[in-house]
Amino acid sequence: MARITGPKITGLGGVFYVVKDPEATRAWYRDTLGIDGEYGPMLRWSEETGDAPYSLISHFKDDQYMKPGTASFMINLRVDDLDGFVAGLKAKGVDVLDSVDEGYGKFAWLLDPDGVKIELWQQCEAPPAD
């Protein structure tokens, strides 16, 4: 990976998209996933305790990975304890589509009320060195 000198991007600032009922969607994120903030669900990087945490912007040639979501994008959210978080979702009656442990990370998927696929990710290893 090339080292960038001078001003640079430092992280993901947010995800913005149109929904039918913003207040209902915001309530779902608050009540189901436990995230909220003045302008919508907010995540503070200062609360991240993982080893070399990072965000990723991935590009896909088609929308197969986003299925069964109805949007052409997906939201990936970091969690510190995927198994415990998924258990809490299931206790709330949330339909968790699937989950997998890839070694470097654990993943689970669900849909938000607007059909957007949510990928939950517990980072288990630091990223490869540059």
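1. The chain has 2 helices and 4 strands, where helices (H or I, at least four residues) and strands (E, at least two) are DSSP runs numbered from the N terminus. Read along the sequence, these elements follow the pattern α-β-α-β-β-β. The model is a predicted one, in which local features need pLDDT of at least 70, side-chain atom pairs count only at pLDDT 80 or more, and totals for chains, interfaces and linings use all residues. Residues are numbered from 1 along each chain as its sequence is written, and side-chain values use heavy atoms, with hydrogens and water left out.

2. Overall dimensions. Along its principal axes the C-alpha trace spans about 45 × 35 × 30 Å.

3. Of the 130 residues, 29% are buried (buried means under 20% relative accessible area, exposed over 50%, partly exposed in between, with a 1.4 Å probe and protein chains only). The accessible surface comes to about 9300 Å², and carbon and sulfur atoms hold 53% of that surface; areas come from the Shrake-Rupley method with a 1.4 Å probe, and for residues only the protein chains shown count as cover. Among contacts with a separation of 6 or more, 54% join residues 24 or more positions apart, a contact being heavy atoms within 4.5 Å.

4. The sheet. An open sheet of 4 strands has the order β1-β4-β3-β2, with mixed pairing; two strands pair if DSSP finds at least two bridges between them. β1 and β2 (98-101) stand at the edges with a single partner strand each, so one side of each is left without a neighbour in the sheet. On average, neighbouring strands are turned by 20° against each other, direction ignored. Axes are lines fitted to C-alpha atoms, for helices over the stretch in contact, and angles run from 0 to 180 degrees between N-to-C directions.

5. Strands β3 and β4, and the helices. β3 and β4 (residues 117-123) run antiparallel and are joined by 7 bridges; F107 has W121 in β4 as its bridge partner. Helix α1 lies across β1, β3 and β4, at about 135° to β3. Helix α2 also packs on the sheet, where it touches β3 and β4, and its direction makes about 20° with that of β3.

6. Salt bridges. The whole structure contains 4 salt bridges, each defined as a side-chain nitrogen of Lys or Arg within 4 Å of a carboxyl oxygen of Asp or Glu. One of them links D36 and R26, with the closest N and O atoms 2.8 Å apart. D36 lies in the loop between α1 (22-33) and β1 (74-78) and R26 in helix α1, so this pair ties together parts 10 residues apart in sequence. Both are partly exposed, D36 at 30% and R26 at 23%.

7. Further pairs. K106 and D83 form a salt bridge with a closest N to O distance of 3.0 Å. K106 belongs to strand β3 (residues 105-111) and D83 to helix α2 (residues 82-91), so the pair ties together parts 23 residues apart in sequence. D83 is partly exposed, at 48% relative accessibility. D31 and R30 also meet in a salt bridge, at 3.0 Å from N to O; D31 is partly exposed at 46%, and R30 is partly exposed at 38%.

8. Residue F60. F60 is found in the loop between α1 and β1 and is partly exposed, at 44% relative accessibility. Leaving aside neighbours within four places in sequence, F60 is in contact with Y65 and M66. F60 and F73, 13 residues apart in sequence, have C-alpha atoms 9.5 Å apart.
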